[in-house]
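Here is a short tour of a protein chain, written for someone who likes to keep the model open while reading. Please have your viewer ready and look up the residues as they come.

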Amino acid sequence: MQFPLRKVERGETLDDHKGFVSNSAAAGPESEPIPPWVNAVALPVWLAAGVVAFLPFAFDTSAWDAVRLHVPGNQGNWWHFLAGAPFFLAYPMIWLRLRALFSTRTSTEIGRRIIWCFVGLSIIGTILVEVPFLLHLAGTSEWQRLTVLSLGFGIVIASGVILFLRRRSISPTRACIAGLETAYLANAALCLVVYAGAEGGVSSRSGWFVAVVIVWPMVVELAWLLIQACRTGGARNYSRAA
């Protein structure tokens, strides 16, 4: 059986090909997954972050103790709760990494919405935690105050602006990962600076020492994701102009 063939003009072929390339360029970023080796490297880092939530960060007090207001001297308050809660963002991140490695579907729409709720609440909490530093009520040195404010607000603002501007050119899963890393790092940086000079041996602040190691690969990946988002957005705008 032979199928009727239609003669295709040269101009039509070029136009069709051009449209196909443009559509592929536009649709590509939406479905572009994170390379498997990146997830394989990131998973142990975030598993360690999950452990940090239960290790003593300072004064034999962990993030788990802070959210339960079990602070030495019965001094637990809203500040400790809001500073401790973001450490548990490690668990939705672990969920994303495991799905990326062992499932064909990296995330679900409901899961992403829940994650963004956690990210938003965490960022609001971090902003509230920084209020005492803004009002000179934290009792820290001036360099600590400026460092906390610069890192906390700087990470949130820089990442938030890029993710908002490139929201149409970055895949939903990548955006969730960048959002989780932004919220986690903004709070972790604050806690690392505030408790850098805490008294006690290694056993009484082991979480601080683990955290100061694992935040660096998180920073590298977040920077990579944001740079990729900027490049992808630029390439997409170029394809549209062409």
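The report below goes from the overall fold to the core, the charged pairs, the surface and a few local details.

**Overall fold**

Please keep in mind that this is a predicted model. Of its 242 residues, 42% are buried. Among contacts with a separation of 6 or more, 75% are between residues 24 or more positions apart. The accessible surface of the chain is about 13600 Å², and carbon and sulfur atoms account for 68% of that area.

Let us go inside. In soluble globular proteins, nonpolar side chains tend to be buried together. The largest nonpolar core here has 56 residues, and W46, F57, F87, Y184, Y195 and M218 touch the most other members. Helices that each supply at least two residues of this core include α2 (36-52), α5 (90-102), α7 (142-165) and α9 (206-241). Helix α8 gives the most, with 14 residues.

Leaving aside residues up to four places away in sequence, F87 touches A49, V52, A53, F57, A63, Y184, N187, A188 and C191.

**Charged pairs**

Side chains of opposite charge can pair when their charged atoms come close. This structure holds 5 salt bridges, and three of them are listed here.

| Salt bridge | Closest N and O atoms |
|---|---|
| R97 and E181 | 3.7 Å |
| R113 and E109 | 2.8 Å |
| E142 and R145 | 3.1 Å |

R113 and E109 are 4 residues apart in helix α6, so about one helical turn separates them. R113 counts as exposed at 55% relative accessibility, whereas E109 is partly exposed at 44%. E142 and R145 are 3 residues apart in helix α7, again about one helical turn. Here E142 is partly exposed at 43%, while R145 counts as buried at 13%. Shared partners also join R97, E181 and E221 into one network of salt bridges.

**A nonpolar patch outside**

Now turn to the surface. W78, I124, L128, V131, L134, L135 and L137 form a nonpolar patch there, with about 690 Å² of accessible area together. Helix α6 (residues 109-134) gives the most to this patch, with 4 residues. L128 is found in helix α6 and is partly exposed, with a relative accessible area of 40%.

**Local details**

Two residues other than glycine have a positive phi. F59 has a phi of about 55 degrees and sits in the loop between α2 and α3 (63-67), where F59 is partly exposed at 44% relative accessible area. L69 has a phi near 65 degrees and is found in the loop between α3 and α4; L69 counts as partly exposed at 41%.

Finally, the cysteines. How many disulfides does a search of the whole structure find? The search finds 0. Among the cysteines, C176 is buried at 1% relative accessible area, whereas C230 counts as partly exposed at 31%.

Definitions and conventions: Residues numbered from 1 in each chain as written. Predicted model: local features only at pLDDT ≥ 70, side-chain atom pairs only at ≥ 80, totals over all residues. Heavy atoms only, no water. Patch = residues over 30% accessible without salt bridge, like charges linked within 9 Å, V, L, I, M, F, W, Y side chains within 5 Å. Areas by Shrake-Rupley, 256 points an atom, 1.4 Å probe, with all protein chains shown as cover. Salt bridge = Lys/Arg side-chain N within 4 Å of Asp/Glu carboxyl O. Buried < 20%, exposed > 50% of the residue type's maximum accessible area, 1.4 Å probe, protein only. Disulfide = S-S within 2.5 Å. Core = buried A, V, L, I, M, F, W, Y, C linked by side-chain atoms within 4.5 Å. Contact = heavy atoms within 4.5 Å.
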